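Trainee: I would like to learn how to read a protein model step by step. Could you take me through it slowly?

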Amino acid sequence: MELDRTDFKKNFQRVTTGLYGVDIEECSPSQLYTVLGTLIKAYAGEDWNKTKKYYEEEQVKQLYYFSMEYLPGRMLKSNLLNLDLLDTVRDILKDMHLDLDELIQAEVDPALGNGGLGRLASCFMDSLASLGIPGAGDGIRYKYGLFQQKFIEGHQVEVPENWLRNGNVWETRRENKAVIVRFGGQAYLYEDANGHLVPFYQNTQNILAVPYDTAVIGYQNEIINTLRLWSAEIPPHEEIHYHNLADQQSVNQLTEVLYPDDSNYEGRLLRLRQEYFLCSAGIQSIIRYYKKMDRTMQEIAEYVAIHINDTHPALCIPEFMRILLDEEQMSWGQVWEITKKTMSYTNHTIMQEAMEKWPVYMLEETIPRVYQIIEELNRRQIEKKIPLYGEEMAYRTAIIQEGHVNMAHLAIIGSHSVNGVAQLHTNLLKHEVLKEFNQLYPAKFNNKTNGITQRRWLQLANEELTALLDRKIGTEWKKNPAELKIFKSFAEDEETLNELAEVKLKNKKRFAAYVKEALDIEIDPTALFDVQIKRLHEYKRQLLNVLHIIHRYFDIKENPEKDIQPRVFIFGAKAAPSYLYAKYVIKLINSVAKLVNEDHAVGDKLKVIFVENYGVSLAELIIPAAEVSEQISLASKEASGTSNMKLMLNGALTVATLDGANVEIRDHVGDDNIFLFGLTAEEVYQYYQDGTYQSREIYETNPQVRKVLNALIDGTIPDVLEEGHVIFDSLVNDNDEYFILKDFDSYLRAQEKVDELYQDPHKWNQKSLLNIASSGPFSADFTIKRYADEIWHIDSVLPEEEQHMHHEP
Ligand code: GL7
């Protein structure tokens, strides 16, 4: 985008006084950020309008991605980059004695998601727009984001995150596009004069769903898609029904908080209401938009694709059916075929405790008409499958089981496509977790390995590395990330390897400065930086990492003369507030950190840094500084992982189990450039089957393990009396559900190899370079292209020569 500099300065002044009634000098960085955001939004408005009009006039097929979570990260810098204004604006502001980077930091980072699933949704938004694929996101505008994490004496404490405190410059409230969502009451069917069955509703609670739209700006292509977040309000003219406080509160509460539990299902009524609220509002607005086109309802699947991000928005299926049946008066048979054609579903986990199963009575009470449809679907499904597969199979794959609606079953049956998020995960779905469904519908199952946007995770987060790549391989990789592989030809070039090391060192220094400022801890930027950043969960095995640290600590203490590679272990992780065990692990890591960091005998040889309140913005600071990426989940448990891809893209070497997308990372980078350890998924399943794993035996026979575990309970690690015992118990007496002791030895050996390799900077830098050069295939651009081609059947609106995706890696 072109900018007139004089114009821009004038506008900046004008907006400043317009918004705040003072001069620029009087404004806080946060206010100046708001001014700049307001301006940039206005500049982008034209393309946004243009894109919307184009989609409408050309009647292109559009995708609607439904997700209960998004983690977009700060938007100012990303928008400037995608509008190709980053350098220009930085320069103009400098002229005005303003520092762009200070304004960038003043933006709040909207945490409307928990972890990988929410961040994936945002990477996908960025890729859709950047590929010119007509695709909108639908989500909830939570008033409070994921809690803010504080550490008090090493314990996690949760504080509400009021992210809208200063308003949100990027959103546009579209009151005129609001819809009514109905809850509760009774729904009766009666026959109208034409013989159609129509529902009659009584005593429903009507809630207004107001959309707030945010521009999703494509990468330098003039395409701007929309992220639509819905907010609940009392409908105007219905205030009379809301005279009592409890009713008012039930509306206000609806879009207030994000559920902070990512791997656990909680059958809470409020969550169910949130899910239906999103689905109903989104589906209604899609159908209203579609009806503006001069098309019949029978053709809707040719123009609309609806994607369900995990089962959370699976009520899209019966809600879509409800509208076609009740409001459009279509027949069941027709509606069913159209629905399946329109819907597709991604599964993001095989963890049983995360599988949504709603009690029937809850659905009956909350969404009675929708429940009738689910019940009828279930009846027809069983009736159809019994003659084909027998009763047992029919009931095992039923939607309603034991008084609960199984949302995964609903999503599979109601979609034409079911995908996993990495090859291994998809195979587990097909052959273990959902094997019955794979027998029923083999053609529905497919894999779409996750991806990440190289724009945020390299161009924005790592400007130094971006510049280096530009110098070495040109700039084409920015539009076609497959070109990153050209970087491989510099693997033997000493100068490039040194430059790469310099870039890493700069990023490490930047992070070290943050650590000094935020935690008042000095870390040596020449030490090896080892990073594990992700939600805290037993299956991700942060515990294995900290047990290794304890082991290392003993080694240093016992062998003061030994030449040990200095390492800084960096953690970032939030635990769900109700997940006690995860909180114990946080406390343990913090206690170990205190012990180690304050021990003068250890010095720079070992430091442990646990950053508070990990999220997208901290990831942007940590990832460019990382040299080792810890991807150490128990094989089979991590559906894909995406931080593994981001860290690789930034030159970190991975210590990995063969889990999730680690397997594909290994395939691309090669065995020599990754540190593998631990059980394979197959071995884990074998243990499940034969039940021969006995963790206590390892404790009793392996002196290293015993020593480390005893430290949890004998006072060696200060202030973890309760936590230490609970953790010790789970590992030794409760048979170590996640095979931590089983993998411990193999993990130590992998870590020894890491230390050894780091002694040889040439080799290390070479492997780092090869990781960067092999990360192109993990661009979300490729992932989205595959979704668009194989599931949604939606084309880019960009002219052929501007689509940079010809070469699939
Ligand atoms: C997750 C998976 O755990 C994670 O492995 C995957 O990368 C991510 C995106 O597909 O989805 N599933 C899930 O429920 N959460 C995830 O992060 C919260």
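This is a predicted model: local features need pLDDT of at least 70, side-chain atom pairs count only at pLDDT 80 or more; totals for chains, interfaces and linings use all residues.

Trainee: Let us begin with the overall layout. Which domains does the assignment give?

Mentor: The domain assignment of the protein gives domain 1 as 1–58 + 75–108, domain 2 as 59–74 + 109–260 + 268–450 + 789–802, and domain 3 as 480–679 + 743–775. When the centres are taken over C-alpha atoms, domain 1 and domain 3 are separated by 36 Å.

Trainee: Next I would like to look at helices that pack together. What describes two packed helices?

Mentor: Two packed helices are described by the angle between their axes and by the distance between those axes. Take helix α21 (residues 542–558) and helix α22 (residues 580–597) as a case. Their axes come within 10 Å and cross at roughly 20°. Angles under 35 degrees count as roughly parallel, and α21 and α22 are therefore roughly parallel to each other.

Trainee: What is the handedness of the crossing of α21 and α22, and which residues meet there?

Mentor: The crossing in which α21 passes α22 is left-handed. From α21 come Gln-542, Leu-543, Val-546, Ile-549, Ile-550 and Tyr-553, and these meet Val-585, Leu-588, Ile-589, Val-592 and Val-596 in α22. Sorted by class, this contact of α21 with α22 has 10 nonpolar residues, one polar residue and no charged residues.

Trainee: How should I read the pair α20 and α31, where the angle is about 80°?

Mentor: Helix α20 (residues 494–519) packs with helix α31 (residues 761–773) at an angle of about 80°, and their axes are 9 Å apart. An angle from 65 to 115 degrees counts as roughly perpendicular, and α20 and α31 are therefore roughly perpendicular to each other. On the α20 side the contact is made by Leu-497, Leu-500 and Ala-501, while on the α31 side it is made by Pro-761, His-762, Asn-765, Gln-766, Ser-768 and Leu-769. This contact of α20 with α31 has five nonpolar, four polar and no charged residues.

Trainee: And how is α19 placed relative to α20, parallel or antiparallel?

Mentor: Helix α19 (residues 463–473) and α20 have axes that come within 9 Å and cross at roughly 165°. That makes α19 roughly antiparallel to α20, and α19 passes α20 in a right-handed crossing. Here Glu-464, Leu-465, Leu-468 and Lys-472 of α19 make the contact with Thr-496, Glu-499, Leu-500, Val-503, Lys-506 and Asn-507 of α20. The residues of this contact of α19 with α20 divide into four nonpolar, two polar and four charged.

Trainee: Why is Arg-541 called buried, and why is Asp-719 called partly exposed?

Mentor: The reasoning rests on a count of neighbours, since a residue is buried if 20 or more other C-beta atoms lie within 10 Å of its own, and exposed if 12 or fewer do. Arg-541 is buried because 26 other C-beta atoms lie within 10 Å, whereas Asp-719 is partly exposed because it has 17 of them within 10 Å.

Trainee: Could we finish with single residues? Where is Lys-594 found, and which residues does it touch?

Mentor: Lys-594 is found in helix α22, and it is partly exposed, with 17 other C-beta atoms within 10 Å. Not counting residues up to four places away in sequence, Lys-594 touches Gly-154 and Pro-718.

Trainee: Which residues is Leu-208 in contact with?

Mentor: Leu-208 lies in strand β9 (residues 205–217). Leaving aside neighbours within four places in sequence, Leu-208 is in contact with Ala-178, Ile-180, Glu-233, Ile-234 and Pro-235. The C-alpha atoms of Leu-208 and Arg-182 are separated by 8.8 Å, and these two residues are 26 residues apart along the chain.

Notes: Residues are numbered from 1 along each chain as its sequence is written. Helices (H or I, at least four residues) and strands (E, at least two) are DSSP runs, numbered from the N terminus. Two residues are in contact if their C-beta atoms, placed from the backbone, lie within 7 Å. Domain bounds come from an automatic or database domain assignment. Axes are lines fitted to C-alpha atoms, for helices over the stretch in contact, and angles run from 0 to 180 degrees between N-to-C directions. Angles under 35 degrees count as roughly parallel, over 145 as roughly antiparallel, 65 to 115 as roughly perpendicular and the rest as oblique. A crossing is left-handed if the near helix is turned anticlockwise from the far one by less than a right angle, and right-handed if clockwise. Ala, Val, Leu, Ile, Met, Phe, Trp, Tyr, Cys and Pro count as nonpolar, Asp, Glu, Lys and Arg as charged, and the others, Gly among them, as polar.
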